[in-house]
Amino acid sequence: MNATPSSNDFILQVEHLSMKFGGLVAIGDLSFQARRGEITALIGPNGAGKTTVFNCITGFYKPTEGMITLNKRDGSTYLLERLPNHEIPARANVARTFQNIRLFSGMTLLENLLVAQHNKLMKASGYTFLGLFGFPSYRQASAESIELARHWLDKAGLVDRADDPAGDLPYGAQRRLEIARAMCTGPELLCLDEPAAGLNPKESAALNELLMGIKSTGTSILLIEHDMSVVMQISDHVVVLEYGRKISDGNPQSVRTDPRVIAAYLGVDDEEVQEVLTEVGDEDVIEQLDTGPDPAHGPGNSASMMAGPVSDSVEHANEGERVTVSKGASKAAQVDARSASIASKPIVAPAAKKPAAKARSTKAAAKAPAAKTAGISNRLDAPRGGKADSLIRIKGIGPVNERKLNEHGIFHFDQIAAWKKADIEAAEAYLAFDGRIEREDWIGQAKALAKEAAAKPATRGGRK
Ligand SMILES: Nc1ncnc2c1ncn2[C@@H]1O[C@H](COP(=O)(O)OP(=O)(O)OP(=O)(O)O)[C@@H](O)[C@H]1O
């Protein structure tokens with residue numbers, strides 16, 4: 001252990017992590033950081049390497065290369081890749097749950113939570129039989145353990161079932177019980193592997209509430225999740241993997257509009273990538289491609305010296321199984337390759353960049369027919385008075401969507417406030433988030449903001 005106080009805000013720093021299984025590069029030169037007290041989500045298509053990252057953090061695998069630093073609140077620092085795996089929960093205070101539920105199904109809920117505190121109770125008994133005789137320190141530790149268990153059962157909405165066998169709980173409740181059990185170990189970092197898998201919407205909502213409650217205690221959460229409604233609602237920071245490489249890293253809004261993520265995550269056929277890039281991002285995507293990939297977004301075209309490029313043909317060491325990944329299978333890599341090719345071409349005037357209306361593939365067509373933005377009825381050539389309203393004040397509009405709206409002649413709250421159904425449909429299609437404008441009530445928000453702006457002409461900015 002290094003007792004030097006940590007001055008940074010990051011609970012976890014993963015640097016140049018690589019994990020190879022024989023010839024298979026499951027993780028290649030991955031670096032990211034998780035901020036203390038935040039929820040960081042690790043997402044990516046199946047087989048992207050998310051669970052392998054968890055296994056490296058929690059000591060189940062020793063990484064082939066790289067460093068995983070855990071900075072505790074008290075300033076102590078642990079290099080997790082060097083700690084024996086049983087010391088990772090005990091000393092570094094990292095807890096985890098697994099993709100498949102691992103409860104003691106014959107034990108009661110309370111017993112499950114007490115078992116998780118076994119170490120604390122053993123210590124209080126002096127690792128002797130004194131606990132049996134009600135040694136005072138043991139009695140106190142035992143009472144505290146029951147209190148902590150009750151606290152987390154309550155937070156998980158399960159206190160009424162404390163004495164029922166865990167196996168009798170519905171699936172979603174078992175998931176919450178697992179998380180409550182992990183919390184009873186007093187973790188500083190809680191790693192959750194697909195906690196929302198198989199949950200119905202009501203159970204997902206209960207899970208979100210539990211996770212937000214955990215976050216409010218200052219515990220940091222690292223979350224692997226496929227359910228985007230969970231990821232986008234509760235995460236502060238999202239890291240996206242594809243074929244073991246980081247392809248995006250940022251807040252939920254920036255990640256969901258990142259063309260590399262869209263290409264990787266939609267899982268479209270290769271020949272559709274170009275079309276999807278155009279359709280989901282339109283000029284915005286092309287513009288991003290013009291400037292090339294953000295170097296902060298992982299290895300990109302700077303291939304890892306340690307892990308080497310992702311293999312086209314890979315092998316599983318243990319089973320001798322050979323897995324073939326078709327050349328150029330990485331959608332994110334295709335985006336980067338296209339970036340390089342576009343960057344070498346002369347820049348096209350923005351008006352000429354709009355894709356011509358054309359027949360679209362079913363998936364992409366449903367997402368973002370850019371030509372439909374012509375259907376927004378109240379477009380302006382320029383903002384009134386030369387200054388646009390700050391559309392990002394509307395919850396759900398981030399800087400990227402604000403820019404897209406501006407590019408399509410929408411600059412002011414009152415324009416959005418006046419949208420009719422057809423305008424909403426056209427804008428939603430362009431922004432590629434079906435139903436979002438109504439769900440987030442952009443019109444209602446825009447009306448309120450337009451009213452506020454009208455009431456304060458001096459401070460509104462950009463309006464005559
Ligand atoms: N112990 C192992 N031996 C060999 N290959 C492995 C091992 N563990 C993982 N892999 C391989 O590493 C790659 C990444 O797997 P991993 O389970 O980390 O992906 P994932 O992103 O968690 O996928 P999913 O979302 O489907 O759970 C896969 O190709 C997987 O087959």
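This is a predicted model: local features need pLDDT of at least 70, side-chain atom pairs count only at pLDDT 80 or more; totals for chains, interfaces and linings use all residues.
Figure 1. On to another neighbour of E8: strand E3 runs parallel to E8, and four bridges join the two. Here Thr 40 is the residue that stands opposite Leu 222 in E8.

**Figure 2. A closer look at strand E8.** Is E8 enclosed by the rest of the structure, or left open? Five of the five residues of E8 are buried, so the strand is largely enclosed by the rest of the structure. In a regular strand, side chains alternate between the two faces of the sheet.

**Figure 3. The six-stranded sheet.** Now take in the sheet to which E8 belongs. Six strands form an open sheet in the order E6-E7-E8-E3-E9-E10, and the pairing is mixed. Which strands stand at the edges? They are strand E6 (94-96) and strand E10 (245-250); each has a single partner strand, so one side of each is left without a neighbour in the sheet. From one strand to the next, the twist averages 15°. Further along the order, strand E3 (residues 39-43) pairs with strand E9 (residues 237-242) in the parallel sense, over four bridges. Look for Ala 41, which stands opposite Val 238 in E9.

**Figure 4. Helices packed on the six-stranded sheet.** Helix H1 lies across E3, E6, strand E7 (189-193), E8 and E9, and runs at about 145° to E7. Helix H7 (residues 201-216) also packs on the sheet, where it touches E3, E7 and E8. The direction of H7 makes about 145° with that of E8.

**Figure 5. The four-stranded sheet.** This view moves to another open sheet, with four strands in the order E2-E1-E4-E5 and antiparallel pairing. At its edges stand E2 and strand E5 (77-79); each has a single partner strand, so one side of each is left without a neighbour in the sheet. On average, neighbouring strands of this sheet are turned by 15° against each other, direction ignored. Strand E1 (residues 10-21) runs antiparallel to E4, and five bridges join them. Try to spot Glu 15, which stands opposite Met 67 in E4. You will meet H1 again here: H1 packs on this sheet, touching E1, E2 and E4, and its direction makes about 65° with that of E2.

Figure 6. Zoom in on strand E4 (residues 65-71) to find Ile 68. Is Ile 68 buried or exposed? Ile 68 has 24 other C-beta atoms within 10 Å, so it counts as buried. Leaving aside residues up to four places away in sequence, Ile 68 touches Val 14, Leu 17, Cys 56, Ile 57, Leu 79, Leu 80 and Glu 81. Ile 68 and Tyr 78 are 10 residues apart along the chain, and their C-alpha atoms are separated by 8.2 Å.

**Figure 7. The shell around the ligand.** How many residues surround the ligand? There are 13, and the closest are Phe 21, Ala 26, Asn 46, Thr 51 and Thr 52. Strand E2 (24-35) and helix H1 (50-57) are the elements that give two or more residues to this shell. H1 gives the most, with three residues. By type, the shell divides into four nonpolar, eight polar and one charged residue.

Figure 8. Across the protein the pLDDT averages 75, and 66% of the residues score at least 70.

Technical notes. Residues are numbered from 1 along each chain as its sequence is written. A residue is near a molecule or strand if its C-beta atom, placed from the backbone, lies within 6 Å of it. Ala, Val, Leu, Ile, Met, Phe, Trp, Tyr, Cys and Pro count as nonpolar, Asp, Glu, Lys and Arg as charged, and the others, Gly among them, as polar. pLDDT is the predictor's confidence in each residue, from 0 to 100. Two strands pair if DSSP finds at least two bridges between them. Axes are lines fitted to C-alpha atoms, for helices over the stretch in contact, and angles run from 0 to 180 degrees between N-to-C directions. Two residues are in contact if their C-beta atoms, placed from the backbone, lie within 7 Å. A residue is buried if 20 or more other C-beta atoms lie within 10 Å of its own, exposed if 12 or fewer, and partly exposed in between; C-beta atoms are placed from the backbone.
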